[in-house]
Amino acid sequence: MLKIVLDGTPSLREASKEVELPLSDKDRETMKKMLDYLVKSQDPAFLEKHPNVRSGVGLAAPQIGINRRMLVVYFLDDPENNHYTTYALANPRIVASSIKRAYLQGGEGCLSVPKGHEGYVYRHYKVTVSAVDGLTGNPVLIKERGYGAIVLQHEIDHLDGILFYDRIDKKDPFKELPGAVAI
């Protein structure tokens, strides 16, 4: 199981370096291990046997001590059909975003930040991300809205040394932005 780097570790605040292309076998293997971590972290049977593992829906390479622009995402988006959104991305960049904002009503959390930070984290409601698929090596253009867009932005922030609580208004953590979508 991967070891998660925790808040306070200086490398979490560093900007990550681009991944060399074409992807190396080592980089692909790293992203597979990261994805495996997320899948296991959402498995109740696994969590019962490993009570110190926290569930997560996204993981960026800096969170495992590798300051390279790689991230993975894995979350249930359609419970009725048991469908999961799954990404393994190298060198992701937000190339377009909406003016409309969104936030998670319960606030954001992070595998690297065990301590809670209350407040709203406003992000773009829709994003388009350009990247290289970490499993196939092919270029991809991803369009996400709502929850998926929030997760991608959270993980891309990690690649720039930004943690979610940096985006909470310090003076008014629950300030409401007119027109923002609560998720």
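Tutor: Buried means under 20% relative accessible area, exposed over 50%, and partly exposed in between (1.4 Å probe, protein chains only). Buried residues make up 46% of the 183 residues in the protein. This is a predicted model: local features need pLDDT of at least 70, side-chain atom pairs count only at pLDDT 80 or more, and totals for chains, interfaces and linings use all residues. Residues are numbered from 1 along each chain as its sequence is written, and side-chain values use heavy atoms, with hydrogens and water left out.

The protein has three helices and eight strands. Helices (H or I, at least four residues) and strands (E, at least two) are DSSP runs, numbered from the N terminus. Their order from the N terminus is α-α-β-β-β-β-β-β-β-α-β.

Now the backbone. Most residues other than glycine have a negative phi, and most peptide bonds are trans. The peptide bond from Leu 21 to Pro 22 is cis, with omega near -5 degrees. Pro 22 lies in the segment before helix H1 (25-41).

Two asparagines have positive phi values. For Asn 82, phi is near 50 degrees. Asn 82 sits in the loop between strand S2 (70-78) and strand S3 (83-97). Its relative accessible area is 56%, so Asn 82 is exposed.

For Asn 91, phi is near 55 degrees. Asn 91 belongs to strand S3. Asn 91 counts as buried because its relative accessibility is 10%.
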